[in-house]
Amino acid sequence: MTYYALAQRTALVTGAASGIGAATARLLAAQGARVVLLARRAERLDELAARIGADGGRALAVTADVTDQASVDAAAERVAAAYGRVDLVVNSAGVMLANPVTEGRTDEWQRMLDTNVAGALRIIRAFTPDLTAVAEEGGTADLVNISSIGAHIPFTNYAVYGATKAALTYLSECLRTEFGPRDVRVTNIEPGFTDTELRGHIDNEELSGQLEGMFGEVGSLASEDVADLIAYTTSRPRHVNLRQLIVLPTRQA
Ligand code: NDP
């Protein structure tokens with residue numbers, strides 16, 4: 001598949017150390033975009049940057065923690081110094097932790113809220129000036145948020161995770177009303193089961209086993225399937241905004 005017009009773009013992908021973020025960074029780079037890889041695990045980012053470079057692409061590894069304002073500020077400075085303005089931002093950094101709310105796991109709640117909601121907001125705050133400036137000069141500018149089907153469907157014991165994703169979906173919708181009139185596109189992508197490291201962080205063995213069972217039963221998307229949609233949507237003509245995409249494995253209800 002050829003995606004048009006990505007070769008001139010400068011993208012920043014959060015959560016690029018693994019899963020959907022890593023696959024998206026690889027695909028955008030393969031299409032000629034310069035790509036900033038952002039996550040906490042420096043070694044993973046360096047490996048991916050080297051792999052992209054070996055394939056003929058351009059990538060910059062920037063270690064940062066989206067839950068830490070100073071870390072995001074420092075990352076934005078590094079990106080500006082190395083690449084100038086970013087015109088395509090993908091918010092893929094996220095965590096999914098599962099437990100009944102009655103367990104009262106405030107540590108997990110805080111981590112999910114800080115990463116999935118406030119973390120996305122920190123990235124939006126840091127790079128919105130780039131997006132609006134590029135659009136104002138006639139360029140194409142995109143903000144892509146990776147939400148989840150969990151924003152719409154209640155999954156028992158995933159209440160807080162689902163709530164963070166519902167917040168991101170709502171935020172995306174609302175931001176379209178602010179950014180659309182400024183020619184910045186906002187796309188909210190809501191995947192179903194995708195085979196990544198995400199489910200490996202659940203510390204409740206029973207729930208973890210249940211989830212593995214569901215993955216086995218209905219199958220899963222590959223990270224590359226979601227990356228493909230991101231490349232597709234961001235390579236449409238400037239006046240076309242695919243605002244919301246729900247993508248599920250075919251057998252997932
Ligand atoms: P992964 O766990 O593979 O990727 C999550 C990425 O986020 C990792 O690269 C991780 O890197 C990064 N990350 C986590 N915390 C932080 C932080 N504080 N600062 C910076 N980066 C961070 O899972 P996925 O690829 O599946 O997840 C990507 C997105 O897709 C998430 O938002 C998730 O909620 C969403 N999603 C996933 C689905 C699935 O079934 N997999 C379904 C629906 C939505 P590091 O640890 O190095 O920081």
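Asn 91 has Asn 145 in strand E5 as its bridge partner, in a structure that is a predicted model. Strand E4 (88-91) and strand E5 (141-146) run parallel and are joined by four bridges. These two strands belong to an open sheet of seven strands, ordered E3-E2-E1-E4-E5-E6-E7, with parallel pairing.

**Strand E5**

- Six of the six residues of E5 are buried, and the strand is therefore mostly covered.
- Ala 141, Leu 143 and Asn 145 point one way from E5, while Asp 142, Val 144 and Ile 146 point the other way; all are buried.
- E4, helix H4 and E5 together make a right-handed β-α-β unit.

**Strand E6 and its partners**

- E6 comprises residues 184-191 and is mostly covered, with eight of its eight residues buried.
- From E6, Val 184, Val 186, Asn 188 and Glu 190 point one way, and Arg 185, Thr 187, Ile 189 and Pro 191 the other way; all are buried.
- E5 and E6 pair in the parallel sense over six bridges, and Ile 146 has Ile 189 in E6 as its bridge partner.
- The chain passes from E5 through helix H5 to E6 in a β-α-β crossover that is right-handed.
- On the side of E7, four bridges join this strand to E6, and the two run parallel.
- Asn 188 has Gln 244 in E7 as its bridge partner, and Ile 189 has Leu 245 in E7.
- Ile 189 therefore has a bridge partner relation with Ile 146 and also with Leu 245.

**Helix H5**

- Helix H5 covers residues 159-179; at 1.5 Å a residue, its 21 residues should span 30 Å, and the end C-alpha atoms are 29 Å apart, which agrees.
- The buried residues of H5 are Val 160, Tyr 161, Gly 162, Thr 164, Lys 165, Leu 168, Thr 169, Leu 171, Ser 172, Leu 175 and Phe 179.
- In an α-helix there are 3.6 residues a turn, so residues three or four places apart point the same way.
- Helix H4 (106-136), E5, E6 and E7 are the elements against which the buried residues of H5 pack.

**Helices lying across the sheet**

- Helix H1 (residues 19-30) lies across strand E1 (10-14), strand E2 (34-39), E3, E4, E5 and E6.
- The direction of H1 is at about 165 degrees to E1.
- Helix H7 (residues 223-234) lies across E4, E5, E6 and E7, and runs at about 160 degrees to E6.

- Gln 252 lies in the segment after E7.
- Gln 252 counts as buried because its relative accessibility is 9%, and the cut-off for buried is under 20%.
- Leaving aside residues up to four places away in sequence, Gln 252 touches Ile 149, Phe 155, Gly 192, Phe 193 and Val 218.

How values were computed. Residues are numbered from 1 along each chain as its sequence is written. This is a predicted model: local features need pLDDT of at least 70, side-chain atom pairs count only at pLDDT 80 or more; totals for chains, interfaces and linings use all residues. Side-chain values use heavy atoms; hydrogens and water are left out. Contact means heavy atoms within 4.5 Å. Axes are lines fitted to C-alpha atoms, for helices over the stretch in contact, and angles run from 0 to 180 degrees between N-to-C directions. Buried means under 20% relative accessible area, exposed over 50%, partly exposed in between (1.4 Å probe, protein chains only). The expected span of a helix is 1.5 Å times one less than its number of residues. A crossover is right-handed if, with the strands pointing away from the viewer, the path from the first strand over the helix to the second runs clockwise.
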